[in-house]
Amino acid sequence: MIEVRGAGGAPGIVTGPIVLYRPASTTGTTSFVDRRDRAVAYFTALGERLRARDLADEAAIFDAQALLVADPALAAAVTSRASGASVPEAICAAIDELAAPLEALPDPYLRGRASDIRAVGAALLGEERSPDLPPGAILVARDLTPAETVNLPLSSVAGLVTVLGSATGHTAILARALGIPAVVGLGEEALTAPDGTPAILDGQAGLLILDPDRATTARYVELRAAQQAATARRTALIGLPAETSDGRRIALWANVGSLSEVKAAISAGAEGIGLLRTEFLFLQRSTPPAEDEQFAAYVSVLRMMAERPVVVRTLDVGGDKPLAYLPPASEPNPFLGERGIRFSQRFPDLFRTQLRALLRAAVYGDLRIMLPMIATAADLDWARGELAAVVDDLRASGTDFRGEAPFGIMIETPAAAVMADRLAARAAFFSVGSNDLAQYALAADRTVAQLAGRYSGDDPAVYRLIAMTVAGSRGAGISVGVCGELAGDPHAAMALVGLGVAELSMAPGSIGAVKEQLRASTFADAEQAGRRACSS
């Protein structure tokens, strides 16, 4: 028996034989223009197929890929390499240039965007894969493009396994939408099992077990039954409030990184969006998104959420997250460099354009603006000055906007937690980014696997900084939320509630478990959990 661990792509436990996914290239037209037109038509047809299944948000993945294929910058990149090379070679070189910088980044979300670029390249090259699958197969592939995922014979596929990919990639998003349990990012070991090898896939735990023994198989049969029972219990809670058994209400919101994830948040019973990552609008392109494009995207989310709050984080890139159309900073330690609000200070025009789009969109719902990587009061004062200038410009132009949209900050640095009382006088709300707060408090890069077991995100030092943040907020009467990984852990969520956190924002799939835990506990239980967390 061999256990191979990766990341959970889509929940569920399945058993079945391993089948390796083998590529088979098809020959097509040699002209880039013909290849481009064929790829656009292909992605458009896939989008229409998903809309016919009432998966409009997932269809947007293919709308975006069709736009990327048609991007003149891609055509120029291919054309510049066509001299002395075949069209396929030029396409491969151009795609490599676009995808390689993203693949080198530590952030799994950004690495997932590189996979989408590779998917566009596969469509241009005419690569198709047509596996012959027995019923109940666990399909193992180096990677799967969104198009390949949608084209799978769903009646035969019990689960998906990929060597590459991340939980935030579009393939994982589609697997969740299609109800296929999936594990991604397992590494090369996943390809070593021959076809027909019996296996167990646990999508929640990110685990693939090859040649399981009888005891393990029996244990997973019981675990699958328990998970199905838990899912039924939590589904029944969707329409009920998130509160302790003695009536203390807690807002349970969702973290999303694209329009396609908003639907999952609504289905899970999210009472709002506590973190809308706007990076999806700025990546995979040769120019920054225009104001009107951003405005349309924010309005789409607000309309989908139907008056529920939507907290939009301004662009959080820089350092380890470069944009192809802006000059990168040369930094020996990107995590301590020009990222978040510091990046916006370096490129203020980009920041002002986003603020204009956000204030215009705020007319259509409960939109709240959140600033990342605030370390000092000067950071916040600078942003407030930019906001005031944008408000003046919009007012002078007669543009419809809502200037009083709440303007809050993320608490991601120990400095911000320590100075919370001073920052609270200048901010409408706080949201703790527990992942980065733990990284900076413990001086441990959260992307380094060797440190993961030694410097946990639920260290007492992190909880004490959160408690300090809550205490600092009280004088100004502003709320404190948490939008990092701690919020989605039922036991950690209890401790956070006990420390006075009012909103918990998490991956949509975690909402049910957190709500179940809260409704089974008293507020006194939560307070005791908070004290233990700060002292253990």
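Guide: Let us begin with Phe62, which counts as buried because its relative accessibility is 0%. Please keep in mind throughout that this is a predicted model.

Visitor: Okay, and which ring does Phe62 pair with?

Guide: A search of the whole structure finds four aromatic pairs. In one of them, Phe62 is stacked with Phe43, with 6.3 Å from centre to centre and 25 degrees between the planes. Phe43 lies in helix H1, residues 32-52, and Phe62 lies in helix H2, residues 56-69, so the pair ties together parts that are 19 residues apart in sequence.

Visitor: Is Phe43 buried or exposed?

Guide: Phe43 is buried, with a relative accessible area of 1%.

Visitor: Switching topic: which charged residue sits over the ring of Phe295?

Guide: That is Arg360, whose charged end is placed over the ring of Phe295 at 4.2 Å from its centre. There is also Arg248, which lies over the face of Phe523, 3.7 Å from the ring centre.

Visitor: Let's go to Asn255. Where does it lie?

Guide: Asn255 belongs to strand S11, which covers residues 251-256, and with a relative accessible area of 8% Asn255 is buried.

Visitor: And what does the side chain of Asn255 make a polar contact with?

Guide: The side chain of Asn255 makes a polar contact with the side chain of Ser505 at 2.6 Å. The side chain of Asn255 also reaches the backbone oxygen of Cys483, at 3.0 Å. If residues up to four places away in sequence are not counted, Asn255 touches several others, including Glu261, Arg277, Met506 and Pro508.

Visitor: Tell me about the partner, then. Where is Ser505, and is it buried or exposed?

Guide: Ser505 lies in strand S18, and Ser505 is buried, with a relative accessible area of 3%. Leaving aside neighbours within four places in sequence, the residues in contact with Ser505 include Trp253, Leu275, Val482 and Ala487.

Visitor: Why is helix H20 described as largely enclosed?

Guide: Helix H20 runs over residues 511-519, and seven of its nine residues are buried, so the helix is largely enclosed by the rest of the structure. The buried residues of H20 are Ile511, Gly512, Ala513, Val514, Lys515, Glu516 and Leu518.

Visitor: What do those buried residues pack against?

Guide: The buried residues of H20 pack against helix H8 (214-236), strand S11, helix H19 (490-498) and strand S18 (503-506).

Visitor: While we're on helices, at what angle do H18 and H21 pack?

Guide: Helix H18, residues 460-474, and helix H21, residues 523-535, pack at an angle of about 125 degrees, and their axes are 6 Å apart. That angle makes H18 oblique to H21. The contact is made by Pro460, Tyr463 and Arg464 on the H18 side, and by Ala533, Cys534 and Ser535 on the H21 side.

Visitor: Now the loops. Which residues have a positive phi without being glycine?

Guide: Glu307 is one of them, with phi near 75 degrees, and Met373 is another, with phi near 60 degrees. As background, most residues other than glycine have a negative phi.

Visitor: Where are these two found, and are they buried or exposed?

Guide: Glu307 is found in the loop between helix H10 (291-305) and strand S13 (310-313), and at 58% relative accessibility Glu307 counts as exposed. Met373 has its place in the loop between strand S14 (367-371) and helix H13 (377-397), and at 3% relative accessibility Met373 counts as buried.

Visitor: Last one: how far apart are Gly136 and Ala158?

Guide: Gly136 and Ala158 are 22 residues apart in sequence, while in space they are 4.7 Å apart from C-alpha to C-alpha. Gly136 sits in the loop between strand S5 (127-128) and strand S6 (137-141), and Gly136 is partly exposed, with a relative accessible area of 26%. Leaving aside neighbours within four places in sequence, Gly136 is in contact with Thr15, Gly16, Pro17, Ser156 and Ala158.

Methods. Residues numbered from 1 in each chain as written. Predicted model: local features only at pLDDT ≥ 70, side-chain atom pairs only at ≥ 80, totals over all residues. Heavy atoms only, no water. Helix = DSSP H or I, 4+ residues; strand = E, 2+ residues; numbered from the N terminus. Buried < 20%, exposed > 50% of the residue type's maximum accessible area, 1.4 Å probe, protein only. Polar contact = N/O pair within 3.5 Å; in protein donor to acceptor, adjacent residues only side chain to side chain. Contact = heavy atoms within 4.5 Å. Phe/Tyr/Trp six-rings, centres within 6.5 Å; stacked < 30°, edge-to-face > 60°. Lys NZ or Arg CZ within 6 Å of the ring centre and 35° of its normal. Axes fitted to C-alpha atoms, helices over the stretch in contact; angles between N-to-C directions. Parallel < 35°, antiparallel > 145°, perpendicular 65-115°, else oblique.
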